[in-house]
Amino acid sequence: MSTFVDVALPAAVRKQFTYYVPSPLEASVQPGQRVWIPFRNYYAIGVIVYIHQQKPSFKTKPVRQILDEEPILSEELLNLTEWISKFYYSSWGETIQAVLPAGLNFVSRKYLKIPESVNPEKLNSDEQEIIHDLQENKSTLDEAKKRWKGTGLNKVFSGLLKKKVVEIWEEPDLKVTVATEREWIWADGKDQKTAKAFLESEETNRELKWTSALEELSEKLPIRQSAIPEDSVFTSYTLKKLQDENWITFREVEKKTEIEHLQYDPGSIKTLNEDQQHAFQKISDSLTQKEFANYLLFGITGSGKTEVYIHALKQVVESGKGGIVLVPEIALTPQTVSRFYKIFGDKIAVLHSRMTNRERLRAWKDLNSGKKSIAIGPRSAIFAPVQNLGLIILDEEHDSSYKQMDPAPRYHARETAIVRAKMNDAVIIMGSATPSMQALNMAAKGKCDLLELKKRHAEAVLPEVKILDLKQYKGAMRGELAVPLFMAMEEALKKKEQIILLYNRRGYASYLQCEDCGHIPQSPECSVSLTYHKRKNLLMDHYSGYSRRKDTHCEQCGSPNLKIQGSGTQNIEEQLEELFPEANIIRFDRDSTSRKGAHERILNSFGDGDADILIGTQLVAKGLDFPNVTVVGVINADTELAFPSFQATERMYQLLSQVSGRSGRGDKPGTVFLQTRQPENPAIQYAKEHNHRGFARQEMEFRKPLYYPPYSRLIRFELKSSKDHEVNMAAHALKTSIERVVPEAPVLGPSPGAIPWMNKKFIWELTLKIDPEKGANYIELLLVRVMKVYEQDIKGKFSSVRVNVNVDAIQ
């Protein structure tokens, strides 16, 4: 009986492609392997997702070659990616693409090959010339097209492609290898003793640079190149000279990872207090039973949630299992890794987007082989190939960055983590000081167990929160700071204490505005105003990446009277430098942390006391732990409310509560100042009282009659086109299609998107509300039916319109 395989390709089309397996390959074919398959007019790379004996009704082509001896995706990850593709309505191939690291995924180039069956003697001279060239020089399809473009051989080359005399094969774009570096060692017959004898010889000139280097080096060999200080005597010249004199040589060794320099002290694990021990004991019992369990660890800021995580993870590792620790931002990764590395050492692998492709592939392989058993990173670390998975920790569970927006698959790490934990009979801990409404609703329905930490760890107490009504402080401001905040900062600086200021707006100013005609420079790529960055003297669009030099004259009326309006983190930084000239100030936002390692350098600098004031966007609100911080100021607490979303109030409350938690984490009491023009806003009042239950109760009462999450699941349809009238008409047609399929479900819209024009595309949206209990099979079936009816209704019209589907949309 013939064997067939279903193969997933990284295309947006939601289907797999069936091929038959030639007899020589049958014994070695496995799900999760990459294969070369004929697809259209070339050989593409795909991943086997199913193996079966069911012969299709159509003629199948053969699998040409298997790329991997062993599957690169386990059965568990194949099942997880299948669930994601159904639940979040993406193609299985797109999902696999998101899971695999560079070097193992579908990113490829099209290379040209000459089949062995081709006999050059049967070709004419022009064809032979091309064949000979391709045999001598490995070429991509693009390179070959350029080579013969505009020459007489262009048609000849095209003919060879059509006749399959030249084949097109995809090859992984990046063949990532393990990073290595030089390690200097003694040459044969040389050691510290022979070096000492040589240096003590009367014939040796000790004043030469290389002999001085030999004297110092003799006590340090072997030494890695990366361990040699830049200002040492070991320059490229002295090392080369020592090599030429046959004193030293080198060998290539695997580079150490970025975390292997961290402190390892497993005995420093902290004893849990009564609250922590109670929470841990329940988690421990579930881990012992080896059954799925879901816990919501609701602990106020500074209550020691991380210590509970560490004790749970220690039990998991000691039982021979592995764990995944998710953090919402790359910015939190260095601090989290440092705390976990201290206890678990080289069992940890870090995965995040700021790593090089080589570093990520190495981490992936270490986890896949079982060499390492703990993965730490932001959202995508949920796909880490941890062997024998026993625990998933989702820190700051409420954070919106756990939701992938673009490109597909548009998954939510929280829901994905729960499903993966179920598949593995593992335990999941969702931790937060301000749990999301969805998590609290899960607890209310018995879908997760609520564990509470009500006290700060050790002697720390919650900070006092003071609300400063900016309407009353108009004449008592120091730049953007109300006088009470300014005075508190002065006092803290006198005491050598540290300060964190939050201003959730990047750049130097919000925008430029012409004082004569009122014109505000807009992005040519999106319907947003351009943000001014003073240090780079640029106007920037943070959505599309467009930037240009700051205008000197109004583009509308030509006036030179352009005024900077509003303020951003750069502007606040400049104001602080004038107000506190003796203070050392550092800025922490996406602009200052764009370079690799910048997060860690800035946070280490502040943690070591090298800076007095840390000013930043929402990055400074998330999980950072600095015991010497006693003053936290929120420059404008109202920024989140300006965003058009039913979640705006929740996000503002969470942001204020989280940033408040950065103060008073040590033995010194802290104070938080919230500057606002809406002091009566319930979210601000609840944040002042550290009353999350009160806020959640009110928020749930607001959402329930409106059928907003957690009382519904939102599915957003985003339509894009370069033609405004087409996307408008298509959006209305899609609404009609949805209402035909699910007439009982509420539909919001259609309406222009929050940013109605981006990257030269017009955007319209519709939002469908469905029962939150519906699972992957229902959602997939519903969306398949909606899109089928829509395609039938439009009858091929609106070809310029693309529809993206976003399940569990965040607004």
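This is a predicted model: local features need pLDDT of at least 70, side-chain atom pairs count only at pLDDT 80 or more; totals for chains, interfaces and linings use all residues.
Is Arg414 buried or exposed? At 5% relative accessibility, Arg414 counts as buried.

**Salt bridges**

The count of salt bridges comes to 30. One of them ties Arg414 to Glu415, with the closest N and O atoms 3.0 Å apart. Glu415 is buried as well, since its relative accessible area of 17% falls under the 20% cut-off.

Another pair brings Glu573 together with Arg587, and here the closest N and O atoms are 2.9 Å apart. This one links distant parts of the chain: Glu573 belongs to helix H17 (residues 569-579) and Arg587 to strand S27 (residues 585-588), 14 residues apart. Salt bridges with shared partners also join Glu397, Arg414 and Glu415 into one network.

Then there's Asp68, whose side chain meets that of Arg34 in a salt bridge (2.9 Å, N to O). Again the pair links distant parts of the chain, 34 residues apart: Asp68 is in the loop between strand S5 (65-66) and helix H2 (75-87), while Arg34 is in strand S3 (residues 34-39).

Here is how some of these residues score for burial:

| Residue | Relative accessible area | State |
|---|---|---|
| Asp68 | 9% | buried |
| Arg34 | 6% | buried |
| Glu573 | 5% | buried |
| Arg587 | 12% | buried |

**Strand S15 and its partners**

Strand S15 (residues 389-395) is mostly covered, with seven of its seven residues buried. Strand S12 (residues 322-326) pairs with S15 in the parallel sense over five bridges, and Ile324 has Ile392 in S15 as its bridge partner. S15 also pairs with strand S16 (residues 427-432), again in the parallel sense and over five bridges.

Together S32 and S33 make a hairpin with two residues between them, and Asn759 in the turn has a positive phi of about 50°. Met758 has Lys761 in S33 as its bridge partner.

**A pair of helices**

Helix H5 (residues 141-148) packs with helix H6 (residues 153-162) at an angle of about 150°, and their axes are 8 Å apart. From H5, the residues Leu141, Ala144, Lys145 and Trp148 meet Leu153, Asn154, Phe157 and Leu161 of H6. Sorted by class, that contact holds six nonpolar residues, one polar and one charged.

Asp142 also has its place in helix H5. Is Asp142 buried or exposed? With a relative accessible area of 54%, Asp142 is exposed, because the cut-off for that is over 50%. Asp142 and Leu112 are 30 residues apart in sequence, and 9.8 Å separates them in space, C-alpha to C-alpha.

Note on methods. Residues are numbered from 1 along each chain as its sequence is written. Side-chain values use heavy atoms; hydrogens and water are left out. Axes are lines fitted to C-alpha atoms, for helices over the stretch in contact, and angles run from 0 to 180 degrees between N-to-C directions. Helices (H or I, at least four residues) and strands (E, at least two) are DSSP runs, numbered from the N terminus. Contact means heavy atoms within 4.5 Å. Ala, Val, Leu, Ile, Met, Phe, Trp, Tyr, Cys and Pro count as nonpolar, Asp, Glu, Lys and Arg as charged, and the others, Gly among them, as polar. Buried means under 20% relative accessible area, exposed over 50%, partly exposed in between (1.4 Å probe, protein chains only). Two strands pair if DSSP finds at least two bridges between them. A salt bridge is a side-chain nitrogen of Lys or Arg within 4 Å of a carboxyl oxygen of Asp or Glu.
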